[in-house]
Amino acid sequence: MINLEHVGKTFPGQAAPAVGDLSLEVLEGEIAVLIGPSGCGKSTTLRMINRLIEPSSGRITVAGKDVAEQKPHELRLAIGYVIQQVGLFPHRTIARNIATVPELLGWDRARISTRVEELMELVGLEGELAGRYPAELSGGQQQRVGVARALAADPPVLLMDEPFGAVDPIVRLRLQEELLNLQRRLHKTIVFVTHDIDEAIRLGDRMAVLNVGGVLEQYAPPVDVLAAPSGPFVLEFLGADRGLKRLALIPVSAAELEPGPAVEQSASIAHARAMMARDRVDWVAVLDDGRVRGWITAASLDGQERLDQIEPTPFAVTVHPSDSLRHALDALVSSPTQVVIVVDADDRYLGLLDVARIGKGLET
Amino acid sequence: MSALVASQPLIRWSWIGDHLGEIRTALVQHLELTFVAVGVGLVLSAVLAAVAIRFRITYQPINAVTGIMYAIPSLALFILLTPITGLTKLTAEIALVSYTLQILFRSIVAGIDSVPASVRESAQAMGYTRWQQRWRVEIPLALPVMVSGLRIATVTTVGLVPISGILGSDQGGLGTFIFDGLNRGFNTPIFVGATFTVLLAVALDVLLVRTQRLLTPWTRRVRAT
């Protein structure tokens with residue numbers, strides 16, 4: 001969808017190129033994240049796609065057409081653009097900000113106002129904000145307007161330059177989540193610039209790690225980059241908690257579960273003791289027709305005749321197969337039994353994970 | 001300046017009643033001289049500002065030249081111009097226009113410069129042509145700063161028009177009365193000329209403020225949160 005072939009950019013008066021010789025392909029419907037330290041040319045690269053910056057060398061095509069052969073303003077009408085400072089037009093209401101590109105394309109009023117309503121709902125803005133001016137909105141709301149404005153004429157391509165960099169971490173997480181939800185419905189081709197490794201991992205279908213001067217160190221899905229960094233630069237850039245970051249991308253279902261000490265409450269006390277002995281633990285999970293009720297200790301079995309006479313302690317946390325291994329690890333470290341129970345959507349016992357099993361997840 | 005004659009009453013009300021027609025004519029003439037001067041000044045400044053914005057290197061020279069024009073005392077300028085353009089309205093307007101240029105030029109450039117870079121960038125990235133970006137985004141946003149310059153230029157011009165009355169009764173607007181009164185040692189026309197000049201300046205200033213408020217509704221509402 002977007003193809004960069006040997007693209008370079010040297011700004012006047014600078015000896016070293018901002019981008020040396022970069023080739024990169026972004027497939028239709030994927031989010032490609034450009035990430036790297038400042039000076040790596042990620043923003044420059046993004047701006048060359050919609051010709052806010054003209055490349056010094058190389059060729060860029062969008063949907064098969066060379067961007068250099070199109071009039072810049074016409075090219076840009078088909079490319080959404082979102083920046084960190086949002087850049088809303090302060091003199092226009094929210095509705096008219098969103099209507100910018102449709103107005104430029106000459107849509108009629110009725111079509112524009114229908115589209116504006118639709119977009120405000122899509123990005124989660126209340127309709128009553130339509131008549132407000134940008135200065136009357138919070139930072140998070142402004143960035144939603146920015147996204148709506150970029151999507152207004154339904155462009156196939158979206159360029160985003162650190163769009164969530166200026167909002168607080170909680171709002172940022174929510175906006176990232178919303179972007180992923182939008183993307184599941186809209187299937188845009190998105191190029192997303194960030195310097196936040198966690199954001200890149202969370203959002204990217206693929207991430208391009210750039211070194212100073214626009215040198216492409218690695219371009220692969222985040223899980224692959226984390227599993228096998230291409231070199232010392234990427235390794236260092238990923239940071240010390242690379243393993244934890246990887247765990248965040250691997251679902252519990254990918255790990256091999258241990259059967260663990262678990263008994264039906266209709267089972268005998270002896271059977272429960274046998275399970276504890278087998279796993280060399282002093283507790284056992286109690287199930288009711290497969291559903292997890294909780295756990296009981298070896299001591300609580302003393303003097304009892306039937307398991308269902310003992311009230312089990314519920315597990316504080318259980319995890320689902322779709323949760324990440326990082327989530328499971330977090331649950332594990334706060335569990336007194338040092339294991340985490342995995343249940344399905346119906347709360348049925350599937351098995352358990354311990355540290356060793358979670359660690360094995362990284363080997364796959 | 002001891003303009004007023006102490007032995008007379010400040011105002012002889014009957015004189016005002018007898019000269020209403022002349023006062024009206026002088027007021028209209030004063031307005032005409034002001035509007036032409038500010039209008040021509042605005043057009044010239046806009047052209048100069050467009051050049052300075054496009055070619056930044058020209059800003060300082062233009063600023064210096066208009067600054068010198070602003071610094072020349074008005075009486076001196078009238079005297080310098082008279083041999084060339086005579087005791088005419090043209091002489092008056094040349095002088096009046098030259099005093100508006102600096103303030104208008106600077107406020108137009110400052111207004112355009114006050115548009116945040118992020119707004120400029122997103123206008124460009126949305127697909128505005130350079131022309132559309134200038135007229136639909138930058139100029140509307142520059143209005144508050146531009147109008148503040150226009151107010152100063154207008155009020156200054158209203159105050160300078162009476163001085164150009166030295167060139168003759170067709171060039172002075174309300175200043176004609178002031179010169180007339182001074183020549184005849186008669187307080188009332190001096191007072192009338194001065195008072196109406198002040199009122200005119202205040203009225204035009206208020207009008208400009210109101211107009212700007214109407215044109216820039218976004219500046220009135222502040223963040224509600």
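How many residues does the contact take from chain B, and how many from chain A? Before I answer, let me say that what we have here is a predicted model, and that the predictor gives the complex an ipTM of 0.81 together with a pTM of 0.80. The contact takes 20 residues from chain B and 20 residues from chain A.

Let me stay for a moment with the side of chain B that touches chain A, where the elements giving two or more residues are α6, residues 117-126, and α7, residues 130-160, both of chain B. Of the elements on that side, α6(B) gives the most, with seven residues. If we sort the residues on this side of chain B by class, we find 10 nonpolar, seven polar and three charged.

While we are on chain B, a word about confidence. The mean pLDDT of chain B is 89, and 96% of its residues reach 70 or more. Among the elements of chain B, the highest mean pLDDT, 95, belongs to α7(B), whereas the lowest, 83, belongs to helix α1, residues 13-18.

Another part of chain B that I would like to show you is helix α8, residues 175-184, in which B:Gly175, B:Thr176, B:Phe177, B:Ile178 and B:Gly181 are buried. And what covers these buried residues of α8(B)? The cover includes α2, residues 20-54, and α9, residues 187-215, both of chain B. After α8(B) comes B:Gly185, which has a positive phi, near 65°.

Let us now turn to chain A, where an open sheet of three strands runs in the order β11-β12-β13, with mixed pairing. Why is one side of β11(A) and of β13(A) left without a neighbour in the sheet? These two strands, residues 262-264 and 291-297 of chain A, stand at the edges and have a single partner strand each, so one side of each has no neighbour in the sheet. From one strand to the next, the twist averages 35°.

Within this sheet, β11(A) pairs with strand β12 of chain A, residues 283-288, in the parallel sense and over three bridges; if you look for A:Val263 on your screens, you will find that it stands opposite A:Val286 in β12(A). Helix α12 of chain A, residues 269-279, packs on the sheet, where it touches β11 and β12 of chain A, and the direction of this helix makes about 130° with that of β12(A).

That is where I will stop, and I am happy to go back to either chain.

Methods
Residues numbered from 1 in each chain as written. Chains lettered and ligands numbered in written order. Predicted model: local features only at pLDDT ≥ 70, side-chain atom pairs only at ≥ 80, totals over all residues. Contact = placed C-beta atoms within 7 Å. Helix = DSSP H or I, 4+ residues; strand = E, 2+ residues; numbered from the N terminus. Nonpolar A, V, L, I, M, F, W, Y, C, P; charged D, E, K, R; others polar. Pairing = 2+ DSSP bridges. Axes fitted to C-alpha atoms, helices over the stretch in contact; angles between N-to-C directions. Buried ≥ 20, exposed ≤ 12 C-beta atoms within 10 Å, placed from the backbone. pLDDT = per-residue confidence, 0-100.
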